[in-house]
Amino acid sequence: METEQARAGSQGDSPQRTLDDGRVELTDSSQIAGSRFYNDELAPTPIEQRRWTTYNYAALWIGMAFCIPSYMLAAGLVTIGMNWVQAFITITAGNLVVLIPMLLNSHAGTKYGIPFPVFARAFFGLRGANLAALLRAFIACGWFGIQTWIGGQATYAIIGSLAGDGWRDAAALAGQPWTLWLAFALFWAVQMVIIWRGMEAVRKLENWAAPLMVAGLLLLLGYMLVKAGGLGPVLSQPSELGWGLGFWAVFTPSLMAMIAFWATLSLNMPDFTRFGAGQRTQATGQILGLPTSMSAIALLSILITSASAVVFGEPIWNPVDLISQLPNPVAVLVGLAIIILATISTNLAANVVSPSYDFSNALPRLISFRVGGLITGVIGVLIMPWELLANERIYIFGWLQFYGGVLAAVAGVLVGGYWIRNRTRLELTELYREGGAYWFTGGWDWRALVATVVGAVLAVGGAYSAPNPDGSPGGPFPEDGLIAFLKVLYDYSWVVGIVAAMTVYLLLCAFGGRGAPSAAPTSPAVAPASATVTEGEASV
């Protein structure tokens, strides 16, 4: 609870006030409560509800990082020919790079208590923000589908180990046993029930699911190392790519894919940092949580996958398939159960919560947070995730690298607008007011739209799929690229997208007429935050 001194500091004409730790609170929402761009989920989080600690953010990242797609990310690099050192360097470098825009965008969530779709309104406009939000939302839907398919596979394997061949060898439907489709549907339904309980349920699940996943992977690693004869045979496996041109030709697009893996969260971390007790709290939690947890699961995945090549003669990149081959049925059941819990944990935090806000932002009066979660679930199925996991090359160079370039363009506008153009200053009520400072032209800022399109086209216009070693098509794109002369840029898709979009946006704001306001229209009152900030807290 706030002190009387803090309450007194809120008096004044401004509907928002700034606490002495830099966070801003909306003190009077009556002016915007009737706006069609406002609802309870999109409203700024009150100071008394911003309680997430460093532990909560670290645990959130551990829970999201220790998931099967993260595992398959590292395993896929081993499968395409990297040795354990090359794969580890690639993943670690990618996560250090993506942490930069993630922390830059997280700042707005903590400072103003606003989710990503509302944050984007300051630069895209109240209506234009739907473009940025829905781009991110549809990609999150794809991730939801991927995670749900993996969870459905684990559910199918668990039931099969108990029910026997009748379940595993059921009649095929659309290329898969009908029982696998049933398991997929059951796993989908369980997640929809959980998300209906809201954000607090997500935080509670994160706090205990992540340690269980870590323990399960350590046990699996120990078993595989024993079967492989120790670390020696695993670490001594040579790289199929070497360290010459063959490696660097794969390293650059792989690095872009590693960055893209968390490109969605680099945009919408305000959805979580809006609940933070302070800037240092959220930043420290993320710095401790993301690079360390991703490096840890990468190392575990690389070692386990390399050991599987020694034990089974070829690397097995899907942990569901690997665990299903264990001789001990109890170990199979426990391992697959851990996969299910970890998958639910990640899906709720990373792939349902945020697009729920995005869909709610598009139609605030019609779509609540819960309805947005159901929409996410339906679209996640329609995207056909089983096709995205057909092989490691489609997963890494088709899915990850392509969408990473698109979202990088959005990130370029947000980072350039918030930190360079606006100098981190926003006016809260204007983010919900039709005809206000962020209305621009009919609710759209054409400068942000043009910058996003230019950045995205340059980043992924040359998307191509290299052929497989046997000469067959290696992915969904033509070998010469969608736009041939842009093919050379696709290997650098994320960097091209963020740099190009930011540059174009700032140039248009400087020379293209009326752009985003460079400062908040009013000067809010300042009040102390002694009652709401942990001792020793400071703004970042």
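1. Helices here are DSSP runs of H or I with at least four residues, strands are runs of E with at least two, and both are numbered from the N terminus. Keep in mind that this is a predicted model: local features need pLDDT of at least 70, side-chain atom pairs count only at pLDDT 80 or more, and totals for chains, interfaces and linings use all residues. Residues are numbered from 1 along each chain as its sequence is written, and side-chain values use heavy atoms, with hydrogens and water left out.

2. On to the aromatics. Rings of Phe, Tyr and Trp (its six-membered ring) pair if their centres lie within 6.5 Å; planes under 30 degrees apart count as stacked, over 60 as edge-to-face and the rest as tilted. That rule gives 30 aromatic pairs. Take Phe119 and Phe123, an edge-to-face pair with 5.6 Å from centre to centre and 85 degrees between the planes. The two sit about one helical turn apart, because Phe119 and Phe123 are four residues apart in helix α5 (residues 116-124). For accessibility, buried means under 20% relative accessible area, exposed over 50%, and partly exposed in between (1.4 Å probe, protein chains only). Phe119 is buried at 0% relative accessibility, and Phe123 is buried with a relative accessible area of 0%.

3. Next comes Trp248 with Phe251, another edge-to-face aromatic pair: the centres are 5.2 Å apart and the planes make 80 degrees. Helix α11 (residues 245-261) holds both, and Trp248 and Phe251 are three residues apart there, so about one helical turn separates them.

4. Worth a look in the viewer: Trp61, Trp143, Phe261, Trp262, Tyr395, Trp399 and Tyr403 are linked into a cluster by ring pairs.

5. There is also a charge over a ring (NZ of Lys or CZ of Arg within 6 Å of the ring centre and within 35 degrees of the ring normal). The charged end of Lys487 sits over the ring of Tyr464, at 4.8 Å from the ring centre.

6. Now the backbone. Met384 has a phi near 60 degrees, a positive value in a residue other than glycine. Met384 lies in the loop between α17 (369-382) and α18 (385-388), and is partly exposed, with a relative accessible area of 40%.

7. Arg423 is another non-glycine residue with positive phi, near 55 degrees. Arg423 belongs to the loop between α19 (392-421) and α20 (446-460), and its relative accessible area of 45% makes it partly exposed.
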